Amino acid sequence: MSDKFNDTQSPRVTAAEEKVASEGRRKFLRKGAALTGGAVLAGSAGAQAKDKITDPIEPPRVKQLGRGVVSVPYGKPSKYESHVLRRNVEWLTADTIASISFTPFQDLEGIITPNGLHFERYHSGAVDIDPKDHRMAVHGMVEKPMVFTVEDLKRMPQTSKIHFMECPANGAMEWRGVQMDSMQFTHGMLSCSEWTGVKLTTLMEYLGVSPDATWFYAEGMDGSALQRSIPLPGAKDQFGKPVPDADEIYKDIIVAYAQNGEALRPEQGYPLRLVVPGTEANLSIKYLRRIKFTDKPLVTYQETRHYTDAMPDGRIRQFTLINEANSVVTYPCPDKRLKEKGFHEIRGIAWSGRGKVKRVDVSVDGGRNWHEAELQEPVLSKCLTRFRLPWEWNGEEALVMSRVQDETGYVQPTLQQLKAKRGTNSIYHKNAIQVWKVEKNGEVKNVQVKYV
Ligand code: CO
């Protein structure tokens, strides 16, 4: 650390800034003391800070003119950020047109996923649709069946909400012990955006949906014609059993045409998609062409062959739609190792398909001791929430993990607890505590621990 700090080529730090920084670090240190039990603190960092203030520092500067306006009419990230990319796992699927790519959370901050990094999931590839030609039919158990253009929908009363979008297969590989040493691949089937469009309930009111309608199904216009049944209050499955959460899910649904301030990207269903907050993202049908109100589920391929959960006793859970509370540490993580001993801010994201995150606890010793992390405002319903906790790393092995509790009181389970309930035949809804093992050399591994 001292080498790097005394380097006069090091950009950006003036003596005055350094003084502020060192004070911040001392405060940070005192907080960190609680976490490490108080040892370690006095020595190196204090002495170092003094050196830094007295060192002459002349940061480099640019001596020629830069690019003019509109030389890049649609802005792009710095070329030095070219490693921040969506990635796929080649062996996971037979083809990239029915596959998934992962969001690089190890390189992201805050809660909004940039549009170009939102994870992709296709069943028949991304398509380019001219919005002038696109139509969305709403029919079935309604007084006035209608066909909407995108412009028609844009004239209707609008809503904008920030919500996460998560594939229920996020973390699926962990069920059977396939452990990717990458946070991008363990948790990157997840993104978070501000979605803008028309609330489903606005459309329902406008078209006069029959009080007897207990389901609707949504269908995409891409080659796979993806179809899913989505419950309304009173929904029962094909065996007559009430569908959990049917009274809640529909309230937040948006027929969206914009994402983070601009039109949806083709990868996200341009020009129209459904957004069903808090639920498995397969419900959030892209390239939306049809909403049909019914009094029973359609029982489609996508809700029988896929997106059901195989239980240990051989039965299958169906219409498990909510993504329960989940969290993960994004720093340190296998993609972002620790480079030196001393102060680090443990950072991560937490979310719940049932509402707001209430608290997040972090452990650095495999769950023996927990420390409440600070939550970054805003804390929104069915939305990513950032958490942070200062940490003094003493250079020894550590088991770093986070555990979220949501506003319903639900506490994120350990993998052992999840396996005890759901067995190991599942693919979907793995929301267990993720353990990162920090090695003495600062490398970080994805581990599963017997008692976690
Ligand atoms: Co499910």
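This report covers a strand, a metal site, salt bridges and nonpolar cores in a predicted model.

## Basis

The model is predicted, so local features need pLDDT of at least 70, side-chain atom pairs count only at pLDDT 80 or more, and totals for chains, interfaces and linings use all residues. Residues are numbered from 1 along each chain as its sequence is written, and side-chain values use heavy atoms, with hydrogens and water left out.

## Strand β10

Strand β10 spans residues 288-294. Helices (H or I, at least four residues) and strands (E, at least two) are DSSP runs, numbered from the N terminus. Five of the seven residues in β10 are buried. Buried means under 20% relative accessible area, exposed over 50%, and partly exposed in between (1.4 Å probe, protein chains only).

β10 pairs with two strands named here, β1 and β5. Pairing requires at least two DSSP bridges between the strands. With β1 (residues 136-140) the sense is parallel, over four bridges. With β5 (residues 215-220) the sense is antiparallel, over six bridges. Arg290 takes part in both pairings: it is the bridge partner of Ala137 and of Glu219.

## Cobalt site

The protein donors of the cobalt ion are Glu280 (OE), Thr320 (O), Thr320 (OG1) and His429 (NE2). They lie 2.1 to 2.4 Å from the ion. Donors are N, O and S atoms within 2.8 Å of the metal (3.2 Å for Na, K and Ca); water is not among the atoms, so sites may look incomplete. The donor residues follow the spacing E-x39-T-x108-H. Glu280 sits in the loop between β9 (273-275) and β10, and Thr320 in the loop between β12 (316-317) and β13 (326-331). This pair links distant parts of the chain, 40 residues apart. Both Glu280 and Thr320 are buried.

The angles among the four donor atoms run from 72 to 154 degrees, and the site is irregular. Four donors count as tetrahedral if all angles lie between 85 and 135 degrees; four count as square planar and six as octahedral if opposite donors are over 155 degrees apart and all others between 65 and 115; anything else is irregular.

## Salt bridges

The count is 24 salt bridges. Each is a side-chain nitrogen of Lys or Arg within 4 Å of a carboxyl oxygen of Asp or Glu. Glu345 and Arg347 form one, with the closest N and O atoms 2.8 Å apart. Glu345 is partly exposed at 22% relative accessibility, as is Arg347 at 31%.

Glu248 and Lys251 meet at 3.4 Å, N to O. Glu248 is partly exposed at 44%, and Lys251 is partly exposed at 37%. Lys437 and Glu439 meet at 3.7 Å, N to O. Arg359, Asp361, Glu372 and Arg403 are linked in a salt-bridge network.

## Nonpolar cores

The largest nonpolar core has 40 residues. A core is a set of buried Ala, Val, Leu, Ile, Met, Phe, Trp, Tyr and Cys residues joined through side-chain atoms within 4.5 Å. Met136, Phe216, Leu274, Ile291 and Phe293 have the most contacts inside the largest one. Elements giving two or more residues to this core include β1, β5 and β10. Helix α6 gives the most, with four residues.

Leu274 touches residues including Phe216, Ile254, Leu288 and Ile291, not counting residues up to four places away in sequence. Contact means heavy atoms within 4.5 Å.
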